[in-house]
Every structure is written in structure tokens, then in C-alpha cells.
Amino acid sequence: MIAWGVGWVQGLGVNWGTQASHPLPPDILVGLLKDNGITKVKLFDAEERAMRALANSGIQVMAGIPNDQLQRMANSQKAAANWVEANATEFSLDGGVDIRYVAVGNEPFLKAYNGTFIQYTFPALQNIQNALNKAGLKNIKATVPLNADVYQGDTPSEGEFRPDINDLMIQICQFLASNGARFTANIYPFLSLYTNDNFPVDFAFFDGTGQPVIDGNIQYTNVFDAALDTLFWALKRAGFPDLPVLVGEVGWPTDGDKNANINYAQRFNQGLLKHIMNGRDTPLRPQNIETYLFSLVDEDEKSIAPGNFEMHWGIFQSDGTPKYTLDLSGQSQNTTLISAKGVKYFPRRWCVFNPSASPLVLTQLPDSITYACTHGECTSLGYGSSCNNLDYQGNASYVFNSYYQVKNQQNGDCGFYNLAIVTENDPSQGTCKFEIQIAVSAASNTMNSYIYSLISVAGAVAIVLLSVL
């Protein structure tokens, strides 16, 4: 059951996202995967540097096509063929990358998208798979990672696809089945807690619950099994009881919410690994199911529209440092993940609140906080988060330092009307870590969605500071 390396549960992979202001170089991340025995990775695109770093690595790859490309892939067979030639053919046949799947879109039927991608997803799936087949790459299977909101049911045995997309889901399932491909579902027990304060906490994990769900002769002790069996019943009801399924995303965040913390993340992910290792999976399908942890590293440019936790799903910090012990063999041993090697950092300098700031200058504090938070990262300051217990000076210091690090510790980026000063003394307190950014160039300057998503957090912090002042 164990893969090569330090040990990895068979059928388990990890998601590698790249929405970070200072991403680790792909070759370092591939080294991180190999050092930890991770043999499968799911990408959200087919970025050239990442793909080339994965060449001849022994790591199986699911490449991705973002949602914003679905319309083009759906409307043009040539566009789909060009994508296959530039990515699948280039990297798989000619480049030594072991591509096993192509993810066409990412949760395109999410209710929050209001139907934006519904008309494009299935044609895009067809065109990509047909292009793969024509290119002699029938071994590469196209799939569509779907959120668990595509199906519903008060109990697993009542599972069915959403009425508004039922016919479309049947078409997709038929196409997947005819091509020997898999249905991909993303399942997030954490969101059950996040969206419902009355949800029984233990039911989100794998170590037993006093409130199991009884469905006929079956007793469910965790929401992961219940959610998967609801899908299996939906597939069965739609006429596809044997369609293979893989879990494209499952995990637990470590910050940004009262239920997002190190202890819960370690408890969930270790429980999941043990669950898969023991071959338990679900009552309806007790066989091993290919599963991808979400995610490898934190991403500080993810939209926080769903919640402040969105930037904190990694089992590693953004610099490749493990967050907690995790035995990848699933045997629950007290083992430590291996850190990324060759990581370079900026000097050990932090930007903090200036305690000598004059009362007149302090009137600029709320606006300065809002500005710094909008361009930095403030999700750890919210209720129940790792930096929730800071005083107003600590809050200001955290925000100023976040901005300073994102801006690569440039001169002039720790001023804020003399409200901030540079220090070489680490201002971290308890669980609240003031980071030193890794020394790589920012991967993207397209910060608009990130900026807008942070405005609400920045405003909230400013209000807190105003009330203290």
C-alpha cells in the first residue's frame, strides 16, 4: 500500500496551486514532492516552468485548463487541439511529463458562478478528450473537477444530481464512461462547520462521533463518507453505478476562521490518510479511491470571497516549511514532513508599529491600516484566527509587516507617515507568526481580484483600531 520515498498512501496525491505573491521555484517544489514521497500532483493549469520541472520526476500529473478558457475550448475544436499540442503532446510525448489527466475547468457548475460556465463545460470536455485521442494520447483522460454542490440529498441514499443540471450531468457521465475517464468531485468537510454553527464537530473528522447519520442499515460516522456515498447514489440513480470516481480536492485550512487551525487540520488530514490506508473509504464503495489533498502550500493571492481561510489550505507554509506532523503512510506515526530545500529569504527584518508615533500622526492609522491590508495579507487577524489576540499596536505591526514583505522589503515601504519602523527583533507572538518573505520575484502583478477581496478585511481591522483608539 505504500508508494516509494518516505511513504505515501497508494492512490493519494496533492494539489499544487500557484496563486502566491512569492511562489517557490518549481524545481524546489518538485524536490519537496519527491523528498516527501508524493507521487501524484494536480495542477490548475499547465504552466511551462512547473511542467518542465515535473519532467522525468516519476510524479504523475493532472494538468488543468482554467475556467476562463472553457468558452474558447468549447467553441473551437482547433483551440482544443492547439492546447493539446502545446501542453499534452509537448510535455507528455516530447517532454517526459507523466500526464494522466486533464482537468477541464475547476468547479464550473458552482452555484456562485450563476451558470456562467454551464453551456461551455461539456463541449470543452468533449473537444479536449477528442483532441487527446486524435493526438494518440488516449491514455490521458479528460475530466471535470466538480464541487459537491452538483448533487444533493438529505441522506446518502437520497442522492441525486441538482435538478437544474441533471440532464447535463447525465451527458457528462456518459461521455466520461465511454472514454474510460473518471468523475472528479471536490469534498470539503471543513465547509460543513464553516457554514453551520450547529454542525456536530466530531462528524467532520474520522475518529468517531456520538451523532452518526443512520441511513437504512448503514451508519455514517463522518461527513466525508456520507458526501461520497451521496454522490455514488446520484450516479447510480442517473444510470452510472460503476463510473470510477476520484476526489480532486479534500483538506483542512489552518488559519482564517475559528475552526481553521493546526490541530484540526492535523486531525483531519491524518484521519483521512489512515481512513484510506485501511481501505475503508465508503460503505457503498469500499474500494480505494484516488484522492488529492488540498493543498501543498499556502497561497496568499487566492480570493478570500469564500472566507479568510482560503489562503491557508497548505500542509506546508508558502516557503515549504511543514505546519504540523503528518504521517504520509497513513499509519499515524509521529513523523515530520521534510522541508523544502534551497529556499532563499529576504534579510531578517520586520516592519512594525512605531510606539513613538505622535498623536497627530496616529490620526492616519486607520487609512494606513486599510492601505497596507489591501495590498498585504490580513486574514490571520480575524476572529478565532492565529493573530486574533494582538492589541491594536500588534494588529498594526502585523499589517505593516505583511505589506513590507509583499513589497520585497523595499526602502520606503515601511513608513506610513512615520507610524512604522524597521526592526531586526522578531515581533512574532505565540501562534501569531510575522513572516519573512522568500526572496523570489512576484509571479504576478494582476492583483485586482486579490485587492478587492481584501478590502472587507482591511476595513474590519481599521474599525477595530478606531474603536481601540
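This is a predicted model. H5 and H6 run roughly parallel to each other, because the angle between them falls under 35 degrees. That angle is about 10 degrees, and the two axes lie 11 Å apart. H5 spans residues 118–134, and H6 spans residues 166–178. From H5, the contact uses Ile118, Phe122, Leu125, Gln126, Gln129 and Asn130. From H6, Leu168, Gln171, Ile172, Phe175 and Leu176 take part. Look at the spacing of these numbers. An α-helix has 3.6 residues a turn, so residues three or four places apart point the same way. What classes of residue make the contact of H5 with H6? Seven are nonpolar, four are polar and none is charged.

Now move to helix H1, residues 26–35. Its buried residues are Pro26, Ile28, Leu29, Val30, Leu32 and Leu33. What covers them? The cover includes strand E1 (12–16), strand E2 and helix H2 (48–54). After H1 comes Gly37, with a positive phi near 70 degrees.

A probe the size of a water molecule, rolled over the atoms, shows where empty space is left. The count here is one cavity of 30 Å³ or more. The largest cavity has a volume of about 40 Å³. Strands E2 (40–43) and E3 (60–65) each supply at least two residues of its lining. The lining consists of Lys42, Leu43, Phe44, Gly64, Ile65, Pro66, Ala103, Gly105, Asn106 and Pro145. Six of these residues are nonpolar, three are polar and one is charged.

Some of those names return around Glu249. This residue lies in strand E12, residues 245–250. Is Glu249 buried or exposed? Glu249 is buried, because its relative accessible area is 4%, under the 20% limit. Leave aside its neighbours within four places in sequence. Glu249 then has contacts that include Lys42, Phe44 and Asn106. Its other partners include Asn15, Glu107, Ala185, Asn186, Ile187, Tyr188, Tyr292 and Phe294.

Follow Phe294 onward. A cis peptide bond joins Phe294 and Ser295, with omega about 0 degrees. Most peptide bonds are trans. Ser295 sits in the loop between strand E13 (291–293) and strand E14 (350–353).

Next, turn to open space. The second largest pocket has a volume of about 960 Å³. It is lined by 42 residues, and the closest to its centre are Asp255, Gln317, Ser380, Ser386 and Lys433. Helix H12, residues 392–406, gives the largest share of the lining, three residues. By class, the lining of this pocket has 12 nonpolar, 19 polar and 11 charged residues.

Finish in the loop between H12 and strand E15 (420–423), where Tyr417 lies. Asn418 is in the loop between H12 and E15 too. Most residues other than glycine have a negative phi. Tyr417 counts as exposed because its relative accessibility, 53%, is over 50%. Asn418 counts as exposed at 57% relative accessibility.

Conventions
Residues numbered from 1 in each chain as written. Predicted model: local features only at pLDDT ≥ 70, side-chain atom pairs only at ≥ 80, totals over all residues. Heavy atoms only, no water. 1 Å grid on protein atoms, 1.4 Å probe; cavity = no way out; pocket = protein on both sides within 12 Å on 5 of 7 lines; lining within 4 Å. Points joined across faces, edges and corners; volume = space filled by probe spheres on them. Helix = DSSP H or I, 4+ residues; strand = E, 2+ residues; numbered from the N terminus. Nonpolar A, V, L, I, M, F, W, Y, C, P; charged D, E, K, R; others polar. Axes fitted to C-alpha atoms, helices over the stretch in contact; angles between N-to-C directions. Parallel < 35°, antiparallel > 145°, perpendicular 65-115°, else oblique. Contact = heavy atoms within 4.5 Å. Buried < 20%, exposed > 50% of the residue type's maximum accessible area, 1.4 Å probe, protein only.
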